[in-house]
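Dear colleague,

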Amino acid sequence: MLSRLVPSGRSVFAHRACLSPSARLLPSLRAESHRWMCSSPAAANIRLENNNGVGVITLDVQGSKMNTLSDKLQPEFEKVFAEASADPNVKAIVITSGKPDNFIAGADITMLAKCKTAAAAQKISADAQKMMNMIESSSKPVVAAIHGPCLGGGLELAMACHWRVASEHPSTALGLPE
């Protein structure tokens, strides 16, 4: 399963306490696992798959070359994340990208440009913080599987996870460009 999260032939590194607890998590990512897919029609940009007790949440913003955090993606993510969190068959959650060459490029610039008032900008910020709090407060271990750019809000999402695993590919970059 890890080979599905990070393209084959690419090495990975993990962050947090030199993998000691995650060494128990990563071996469970096997392809021969029991699987189910989230069939929620409301989650057009997110897939949820149970892979041997690991809930794999795949972000894949339709019609876009890059995943960005938007007001459309946020409620989908919350619904799918809550579903994985509540499922007793899911022991851990991995958040990854369905895009071949990027994780999350940050916030959707067009969404931010539409803000005409401080209250509108504050609502976007509060909604994003709610999503990050869901991840951070999860009782299940949450891993960000990063390949490609992980910037701005994408890095904030990764930092809200309990673990981060990233490819060492030259395109993988973590940053806060603001």
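In this message, two residues are in contact when they have heavy atoms within 4.5 Å of each other. By that criterion, and leaving out residues up to four places away in sequence, D108 touches T68, L69 and S70.

The model is a predicted one, in which local features need pLDDT of at least 70 and side-chain atom pairs count only at pLDDT 80 or more, while totals for chains, interfaces and linings use all residues. Residues are numbered from 1 along each chain as its sequence is written, and side-chain values use heavy atoms, with hydrogens and water left out.

Overall architecture

The chain has six helices and eight strands, which are DSSP runs numbered from the N terminus (helices: H or I, at least four residues; strands: E, at least two). Their order along the sequence is α-β-α-β-β-α-β-α-α-β-β-α-β-β. Of the 178 residues, 47% count as buried; here buried means under 20% relative accessible area, exposed over 50%, and partly exposed in between (1.4 Å probe, protein chains only). Among contacts between residues at least 6 apart in sequence, 69% join residues at least 24 apart.

Helix 5 (residues 118-136) contains 19 residues and spans 26 Å from its first C-alpha to its last, close to the 27 Å expected at 1.5 Å a residue; the expected span is 1.5 Å times one less than the number of residues. M131, M132 and I135 are the buried residues of helix 5. Viewed down the axis of helix 5, these buried residues fall within an arc of 95 degrees, so they line one face of the helix; the arc is that of the directions from the helix axis to the C-beta atoms. On the other side of helix 5, the exposed residues are A118, A119, Q122, K123 and E136. The buried residues of helix 5 pack against helix 3 (73-86), strand 4 (92-97), strand 5 (142-146) and helix 6 (153-160).

Helix 6 is mostly covered, with six of its eight residues buried: G153, G154, L155, L157, A158 and A160. The partners against which they pack include strand 4, helix 5 and strand 7 (163-167).

The largest pocket

About 500 Å³ of space lies in the largest pocket. A pocket is an open set of points, on a 1 Å grid over the protein atoms alone, where a 1.4 Å probe fits, with protein on both sides within 12 Å along at least five of seven lines; lining residues have an atom within 4 Å of a point. Of the 25 lining residues, L69, A107, M111, I124 and A128 are the closest to the centre of the pocket. Helix 5 gives the most to the lining, with nine residues.

The loop between strand 4 and helix 4

Both D108 and K99 are found in this loop. The C-alpha atoms of D108 and K72 are separated by 9.9 Å, although the two residues are 36 residues apart along the chain. K99 counts as buried because its relative accessibility is 12%. Beyond its neighbours within four places in sequence, K99 is in contact with L59, D60, V61, S64, K65, M66 and N67.

A point on backbone geometry

N52 lies in the loop between strand 2 (46-51) and strand 3 (54-59). N52 has a positive phi of about 55 degrees although it is not a glycine.

Yours sincerely

Definitions and conventions:
Points joined across faces, edges and corners; volume = space filled by probe spheres on them.
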